[in-house]
Amino acid sequence: MSSDQPNMFLEGGQGVVLVGRTRKQFEIYKQVQELGNGIADLKAKKPPGYKKKIGEEVAKLLELKAQLGDDGPKKFVLKTPKGTRDYSPQQMAIREGVFNKIIQTFKRHGAETIDTPVFELKETLTGKYGEDSKLISDLADQGGELLSLRYDLTVPFARYLAMNKISNIKRYHIAKVYRRDNPAMTRGRYREFYQCDFDIAGQYDAMIPDAECIKIVVEILESLELGDFVVKVNHRKLLDGMFAACGVPDDKFRTICSAVDKLDKTFWDDVRAEMIDEKGLDAAAADKIGSYVRYSGGIDKIEELLADEVLKGQKLAVQGLEELKLLLQYCDLFGISNRVLFDLSLARGLDYYTGVIYEGILKGHTHKPGADGEENVGVGSVAGGGRYDGLVGMFDPKGKMVPCVGVSIGIERLFSIMEAKALALDQKIRTTETEVYVISAQKNLLEERLKLCRELWTADIKTESSYKRNPKALDQFQYCETNNIPLAIIIGQSEIEAGIIKLRVVATRQEREVPRGSMAEEIKKELEKIGSS
């Protein structure tokens, strides 16, 4: 390596890195360190003439630092930024399996996919998220444009519809979003994370697309086998009507809604205190809200509220209740009524919701505080969404409305649960999909192994072989077993001369001879047999 070749130099074993442009700079940096230590030593011991000696050493130090300039080596700790993480091959294998099940569900319901930039104009995102707008991550000025990292996939989707004048689409989108949040990574809460969104845009009859979105949530959670869950549903019109009936001023609807949205994470007394002390709501109005948010159940509870004399006087509340009743009827036709629960405490604080809102919650997990006031570790809400009929119109120059309804799957929270489950069960997770490993039983058979690999790759069979010219047979067999590769092909000089290969089932160690010409066909048959068993 030349002295002026760029490089990264490691020091010690504590994850500290010295990043220098050249080896020469690195050597100067070491001299600076030694001189600095020497000066400190002189100051501590104060030998005769130490002041003059310190002056000489400082002069040398300044000269060396001048050679380093501003681009000299710097120390930093090797770590990921707060609220982010790396994923190992084992974790990615779990993650990929979850993604595949989600995508299969989206496609089964006829969705197509799109993609949008990871950052948007700041004005595109501003004013769409209520109190959560403070969690938007802004970027430094980029060529005169004020930009922010996307907070979710819904607002970019609405911008996409308005910009491209699309009024009908059923789409899914899986991508990373960003929140300037206080991360709680044990609960799947990050600053950078994936969202998996499914949305239906277009003018359709009431509650039919909404019910399908809830059906999709149920299908995904059932396919992942994470235990019992419920999809809670409510309606933004019902909430607004209820707030009006309780005496909440119009200008406080959204801020009170944000407070109610915290009921799944804390106690009513805390929410009530926030409404009164922080939001400035009258105590009597807060108590009336408290009597309503306890309503939870099926169509019978909706019928009770439809008969409520106070709510009857609120047109929005009645509309919301009628639509919820229709939604639950459609959910019954889809065979998911046992998974769906009307809950008047569900608020979802995002400003853009206009109709039905819903949230998928795993019953065995919670964020509610424990007896000691500390929040329990767990993952509760794993999916959420609702209707947002006015969002696209915010971006359209003529204010053209495109009704939309959708759902977002909390993939990071699901992944946290599945990762913990795999650890608890001590599951051995395959990180590759290799189906066959080509083994040479003797030396000098590299060329034959490479030919076999080529034949199997051409036949679309996932194949590996050792990168060593003359690997030991035991090492090759051990590799198959360690990596759970189902089949191995063994060749030696006698097999080559006879035009055959030995096909070995790794799990049972059973072997049989197979003609070279029908090798791919026999392997596929064997793989099918292993798959079915």
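In which order do the five strands of the open sheet stand? The order is 16-15-17-18-19, with mixed pairing. Strands here are DSSP runs of E of at least two residues, helices runs of H or I of at least four, both numbered from the N terminus. Two strands pair if DSSP finds at least two bridges between them.

This is a predicted model, in which local features need pLDDT of at least 70, side-chain atom pairs count only at pLDDT 80 or more, and totals for chains, interfaces and linings use all residues. Residues are numbered from 1 along each chain as its sequence is written, and side-chain values use heavy atoms, leaving out hydrogens and water.

Next, select 487–491 and 500–505. Strands 17 and 18 run antiparallel here, joined by four bridges. Find Leu487: Val505 in strand 18 stands opposite.

**The helices on the sheet**

Contact means heavy atoms within 4.5 Å.

Then show helix 17, residues 473–482, which touches strands 15, 16, 17 and 18.

**The cores**

Now select Phe106, Met242, Phe243, Met275 and Ile289. They have the most contacts inside the largest nonpolar core, of 99 residues. Such a core joins buried Ala, Val, Leu, Ile, Met, Phe, Trp, Tyr and Cys residues through side-chain atoms within 4.5 Å; buried means under 20% relative accessible area (1.4 Å probe, protein chains only). Helix 6 (208–224) gives the most, nine residues.

Finish at Val438, Leu456, Ile461 and Leu503, included in a second, separate core of 17 residues.

Note on methods
Axes fitted to C-alpha atoms, helices over the stretch in contact; angles between N-to-C directions. Buried < 20%, exposed > 50% of the residue type's maximum accessible area, 1.4 Å probe, protein only.
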